[in-house]
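Subject: Structure for your review

Dear colleague,

Please find below the structure that I promised to hand over to you. My notes on it follow directly after it.

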Amino acid sequence: MAIETVPLPLPPSADPSKFKDFGREVKGVNPATLTPEQFEEIKKLLYNHDALLFRNTDLIPEQQYALTKAFDPTSESYGHGNNKTGETKKSILHPDLKTIPRVPQVQLIGNGIVYNHEGLAEAKLKHPSHTTFHKTCVSEEDEAKGVTRFYRWHIDAALYDLSPPKVTTLYGINVPKGGRQTCRYDDGTGDELDVPLGTTAFVSGRTMFDILPKELKSLAVRSKVRYAPHPYVWMAPARAKSTGLGIETEGLEMSKDELPAWEESKVKVFPILWKNPVNGQLSFQVHPCGVSELLIEPLPAGASREGALFPDGAHLTDLGEVRDLLYKMQRPAIAPSLVYPHEWHEKDLVLFHNRGVLHSVVGAFKPDQVRAFHQCNLAASSDPVGPSPEDVTTWA
Ligand SMILES: [Fe+2]
């Protein structure tokens, strides 16, 4: 049987014209046992569509690791590093991750208590909730009615020392049945999104760039972000915006001398736009929570200065200003019509192009709703590639 693809099932909230290229369900192939030829086809599909869904998949952790690694054969360790959480216990990621002992690159994530799972006698899992991360929370009364929020829009990446994984694989093992929830933005826009319980929400980084007005495209193509050292430790005391898209600026971040030891050479500075290795398209790939500075190149020779922002370049270090600019560029792309909220079924395997999408955990489970997923991503063998000189000429 040949590999077949069909569009992902879009909810009524989504604007189909914005999802023409995004996401495909793949049929007619077993992702656990791909031949090298089939893998090449899957790889091309992933880079062209940014998210692939395989249904009714049987996948042991070894196979999930092998599949993930095939996208970057010299990558090896988990995207946030293996067995290194000891030194970064204060990191906000620490409680969310449990390692599969046999295959430490695969993490068990979910909710509730899971027993006798792949060598883990008992794993206490907690679905991340906005209540522990956002500055404001949905009232208990609204929460009881099923109102929730995006937890945190992000790229899977350590953002310090290690390179952002190319691909993340997410495999649903136990998926509690639940009703719908309303994901509220609570940012004064009235935006909200009807979502299945425990959805993973995706937005396209390509769309994030495409929908920007000219002056912000010019800014994006000329800019790099500098992440804080140990960003997840740095941001731990701070609180997020109600949309989960970045942090409120209240001066709560850890000061540099309170952080675990760090080296300048391991601090990450990435272009805002990352170039797709297959089709050359540009994706807006910024993990807004971890950014501390913005470095803007001047307009290239011959570019029109009319309406241009920072035509002579700039190095912005004011956290409020940096965050406001990023938010202005990223918020449009998380509008309800641009979000793909995946409705999980047991044995769903989702592969996503971590360098082409942003994603967020959504929703809240009760302690007795047991959910178990396997997640794998690997710190990449190289950093993402930014815009080419031709891209800069085109968009600046
Ligand atoms: Fe993630």
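Helices are DSSP runs of H or I with at least four residues, strands are runs of E with at least two, and both are numbered from the N terminus. Please keep in mind that this is a predicted model.

The chain as a whole

The chain contains 8 helices and 21 strands. Its C-alpha trace spans about 60 × 50 × 45 Å along the principal axes. Of the 396 residues, 45% are buried. Among contacts with a separation of 6 or more, 78% are between residues 24 or more positions apart.

Two domains

The domain assignment divides the chain into domain 1 (4-206 + 341-377) and domain 2 (211-332 + 386-395). Taken over C-alpha atoms, the centres of domain 1 and domain 2 are separated by 24 Å. Domain 1 brings 33 residues to the contact, and domain 2 brings 31 residues. On the side of domain 1 that touches domain 2, the elements giving two or more residues are α1 (36-49) and α4 (205-210). Of these, α1 gives the most, with 3 residues. By class, that side of domain 1 has 12 nonpolar, 10 polar and 11 charged residues.

Helix α2 and what covers it

I then turned to Y65, which is found in helix α2 (residues 61-70). Is Y65 buried or exposed? A residue counts as buried if 20 or more other C-beta atoms lie within 10 Å of its own. Y65 has 22 other C-beta atoms within 10 Å, and it is therefore buried. Apart from its neighbours within four places in sequence, Y65 is in contact with V103, Q105, V106 and C376. Y65 and G251 are 186 residues apart in sequence, and their C-alpha atoms are 40 Å apart in space.

Y65 is one of the buried residues of α2, which are P61, Q63, Q64, Y65, L67 and T68. The cover over these buried residues includes β4 (98-100), β5 (103-117), β8 and β21 (371-377).

Strand β5 and its partners

Strand β5 pairs with several strands, and I take them in turn. β4 and β5 run antiparallel and are joined by 3 bridges. In this pair, K98 stands opposite L108 of β5. The two strands form a hairpin with 2 residues between them.

β5 is also joined to β21 by 6 bridges, again in the antiparallel sense. Here the bridge partner of Q107 is Q375 in β21.

With strand β6 (residues 120-125), β5 pairs in the antiparallel sense over 5 bridges. V114 has A123 in β6 as its bridge partner. The hairpin of β5 and β6 has 2 residues between the strands, and E118 takes a positive phi near 45° there.

Residue T169

Where does T169 lie? T169 lies in strand β8 (residues 167-174). T169 counts as buried because it has 25 C-beta neighbours inside 10 Å. Leaving aside its neighbours within four places in sequence, T169 is in contact with Q64, L67, T68, L349, L351 and C376. T169 and L378 are 209 residues apart along the chain, while their C-alpha atoms are separated by 9.9 Å.

A sheet of four strands

How many strands form the open sheet that includes β13 and β17? The sheet has 4 strands in the order β13-β12-β16-β17, with antiparallel pairing. β13 (269-271) and β17 (314-316) stand at the edges; each has a single partner strand, so one side of each is left without a neighbour in the sheet. From one strand to the next, the twist averages 20°.

Within this sheet, strand β12 (residues 223-227) pairs with β13 in the antiparallel sense over 3 bridges. The bridge partner of V225 is F270 in β13. Helix α7 (residues 319-330) lies across β16 (291-296) and β17, and runs at about 75° to β16.

Yours sincerely

Technical notes:
Residues are numbered from 1 along each chain as its sequence is written. This is a predicted model: local features need pLDDT of at least 70, side-chain atom pairs count only at pLDDT 80 or more; totals for chains, interfaces and linings use all residues. A residue is buried if 20 or more other C-beta atoms lie within 10 Å of its own, exposed if 12 or fewer, and partly exposed in between; C-beta atoms are placed from the backbone. Two residues are in contact if their C-beta atoms, placed from the backbone, lie within 7 Å. Two strands pair if DSSP finds at least two bridges between them. Axes are lines fitted to C-alpha atoms, for helices over the stretch in contact, and angles run from 0 to 180 degrees between N-to-C directions. Domain bounds come from an automatic or database domain assignment. Ala, Val, Leu, Ile, Met, Phe, Trp, Tyr, Cys and Pro count as nonpolar, Asp, Glu, Lys and Arg as charged, and the others, Gly among them, as polar.
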